[in-house]
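Hi there,

Here is the structure I promised to pass on. Have a look at it first, and then read my notes below.

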Amino acid sequence: MGILDQYPEVGNFIDKTDSYTLSAKEINSGGHDYLIVTQAGEEDSGQLLFEMTSQGLVLKESDNTVIIGPSDTFSPAAAALRCEISDPGDIKAVYNECRESVNQFSSATGPDGGNLACVWAVRHIARNALGRWITRTDGTAVFDPELRRCFGSNISERDVPAGGIIISPTEGSNIGHVGILGPVTGDDSRLIYSNSSAAALWKQNFTLKKWVARYHDMKGLKVHFYPVPVYVDAGSS
């Protein structure tokens, strides 16, 4: 029996913009029953979190990865931290690490064996380059607001150097993605590097044109550009 046969309500929430393989598991946490539905694709993947109630399934969260209960991940939005733009040398280091990691960096130890690892891969690539975290979330719907609180959301693509971030956060039923930008080209041929869900491998797998066509035009998602953040203790200055 297929997922949609067993849980027909799920059909109202899945991403229908591409071909995704569905799987599901039931979990009990804190006395509540939950259903996590994973949508696995070639380029990107995501999850839906439902609470199973007497009235049926109630959607609680949709993102590239979902978490039941409180998260113990680093929160750069904490009042004690101040966000700044990383210096040019750090941003260049992220780009160099990104480029050298193509077809070398495996996300197989990330969420769902790399299948749900787009943010996980970006934050690990950055940590390998910088020795520090730029986020500890694994979801685009969490990472984008973190970056927006730091930089705003009106940064032009041409103003973000190689090593900066491109992100289309998951919204509603449509699955988003995140990657690292190559050098500015002045047109839509700019290269983008990101995790490949199906391969669980870091790839040079998009151009700006292909990204916009997939995530903005087809999925209706926002496309945001950000420099690499650094978080410092606001009380230390």
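**Helix H5 and the sheet**

The buried residues of H5 make their packing contacts with E6, E7, strand E8 (191–196), E9 and E10. Contact here means heavy atoms within 4.5 Å, and buried means under 20% relative accessible area, exposed over 50%, partly exposed in between (1.4 Å probe, protein chains only). Helices (H or I, at least four residues) and strands (E, at least two) are DSSP runs, numbered from the N terminus.

A word on the source: this is a predicted model, where local features need pLDDT of at least 70, side-chain atom pairs count only at pLDDT 80 or more, and totals for chains, interfaces and linings use all residues. Residues are numbered from 1 along each chain as its sequence is written, and side-chain values use heavy atoms, with hydrogens and water left out.

In helix H5 (residues 208–218), the buried residues are Leu208, Trp211, Arg214 and Tyr215. They lie on the same side of H5 because they cover an arc of only 145° around the axis (taken from the directions from the helix axis to the C-beta atoms). Lys209 and Asp217, on the other side of H5, are exposed. Just after H5, Gly220 has a positive phi of about 75°.

As for the sheet, it is open, with five strands in the order E9-E8-E7-E6-E10 and antiparallel pairing (two strands pair if DSSP finds at least two bridges between them). Its edge strands, E9 (201–207) and E10 (224–226), each pair on one side only. E6 (residues 165–168) and E7 (residues 177–181) are joined by four bridges in the antiparallel sense, and Ser168 sits opposite His177 in E7.

Best wishes
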